[in-house]
Amino acid sequence: MKFALGRRAFIAAAASLALAAPVFADGHKVVDSIHFLIPGGAGGGWDGTARGTGEALTASGLVGSASYENMSGGGGGKAIGYLIENADSNHGTLMVNSTPIVIRSLTGVFPHNFRDLTLVSGTIGDYAAIVVGKDSPLNSMGDLLAAFDADASGTAIGGGSVPGGMDHLVAAMVMEAAGKDALAVKYIPYDAGGKAMAALLSGEIAALSTGFSEAVALAEAGEVKILGVTSDERVSAYDAPTMKEQGIDTTFVNWRGFFGAPGLPADKLAMYQEAIAKMYDTPEWEAVRARNGWVNIHNSGDDFKTFLEGQEQVIGDLMKKLGFL
């Protein structure tokens with residue numbers, strides 16, 4: 001099974017880069033400050049994306065200063081509701097989000113969807129990974145599948161999202177591609193990637209479904225082993241085997257991007273979009289991107305809307321196939 005998100009976005013981004021020379025030249029400031037609202041806890045993919053983007057924007061001089069606020073709850077719904085309810089006082093705020101804003105709207109976990117926000121820009125893609133603790137007896141996806149066959153309920157897989165959410169969906173998708181019953185996967189949800197990783201290291205779960213960038217730092221520190229990555233080929237940020245090379249024919253990349261409050265003034269929106277667009281041409285961004293193993297996916301405004309509408313269709317169809325809808 002192949003679930004490669006944003007193919008059109010990749011093509012559009014490549015075409016736009018081919019048509020225009022880099023606009024970044026002298027580090028001139030575009031935005032005075034940005035407050036990043038993060039819908040989950042520290043250590044998760046949203047947290048890393050917001051802080052990495054803020055790091056690149058400020059270090060390159062495109063943004064004067066950046067601040068960060070973690071607002072967990074409701075599978076991301078608390079932060080979305082807060083931004084909508086306090087729109088007029090949050091014109092200086094960008095909220096990071098990703099595939100879950102589509103998944104959780106489809107499943108009715110929260111009443112809002114991306115149309116209730118101002119669409120700023122899609123920015124990156126992050127592959128998914130299945131990881132185990134450093135002392136786990138499991139050393140490959142084959143080992144995990146054998147453990148699952150022997151005792152499915154005793155081979156729990158955790159994730160930093162709600163049941164039926166992205167981490168659960170990835171785990172089920174991988175298991176189905178391996179010829180297993182996706183609905184037999186015992187999935188344990190945690191509030192964001194940091195808590196899920198702590199559960200893995202404490203032995204509460206056998207394996208963890210997470211973003212590749214979240215796993216890299218701990219793998220480099222020797223805390224976890226990455227059993228498989230949902231990329232077509234091995235990623236240069238960390239040499240870990242792909243699912244495909246282990247006979248599991250599935251790929252996945254999770255987009256991440258930024259949203260503003262509803263009614264965000266057009267001039268503010270344009271400044272945010274300009275800063276993000278120019279960021280891609282800076283060495284500061286390339287350092288952050290390469291460190292995390294991200295893929296550049298850049299689509300602003302109407303292109304972002306078209307991309308998200310496509311996601312609704314693709315993800316909805318897959319979730320129905322796997323029995324989540």
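Author: A salt bridge here is a side-chain nitrogen of Lys or Arg within 4 Å of a carboxyl oxygen of Asp or Glu. Keep in mind that this is a predicted model.

Reader: Okay, so what makes Lys 180 and Asp 149 a salt bridge?

Author: Their side chains come to 2.8 Å, N to O, and the cut-off is 4 Å, so the pair qualifies. This one ties distant parts of the chain together: Lys 180 sits in the loop between helix 6 and strand 7, Asp 149 is in helix 5, and 31 residues separate them.

Reader: Why is Lys 180 called partly exposed?

Author: Its relative accessibility is 22%. Buried means under 20% and exposed means over 50%, so Lys 180 lands in between.

Reader: How do you know that Lys 29 forms a salt bridge with Asp 32?

Author: The closest N and O atoms are 3.3 Å apart. That is within 4 Å, so the pair counts. As for Asp 32, a relative accessible area of 56% is over the 50% mark, so we call it exposed.

Reader: And what about Glu 274 and Lys 278?

Author: Again a salt bridge, at 2.7 Å from N to O. Both residues belong to helix 9, four residues apart, which is about one turn of the helix.

Reader: How many salt bridges does the structure hold, then?

Author: There are 12. Some join up: Asp 126, Glu 214 and Arg 256 are linked in a network.

Reader: Switching to the nonpolar side, what makes a set of residues a nonpolar core?

Author: They have to be buried residues of the nonpolar kinds, such as Leu or Phe, joined through side-chain atoms within 4.5 Å. The largest one has 49 residues, and Phe 259 and Leu 308 have the most contacts inside it. Its largest share, eight residues, comes from helix 6.

Reader: Which residues is Leu 308 in contact with, leaving aside its neighbours within four places in sequence?

Author: Val 102, Phe 114, Leu 119, Trp 255 and Phe 259.

Note on methods. Residues are numbered from 1 along each chain as its sequence is written. This is a predicted model: local features need pLDDT of at least 70, side-chain atom pairs count only at pLDDT 80 or more; totals for chains, interfaces and linings use all residues. Side-chain values use heavy atoms; hydrogens and water are left out. Buried means under 20% relative accessible area, exposed over 50%, partly exposed in between (1.4 Å probe, protein chains only). Helices (H or I, at least four residues) and strands (E, at least two) are DSSP runs, numbered from the N terminus. Contact means heavy atoms within 4.5 Å.
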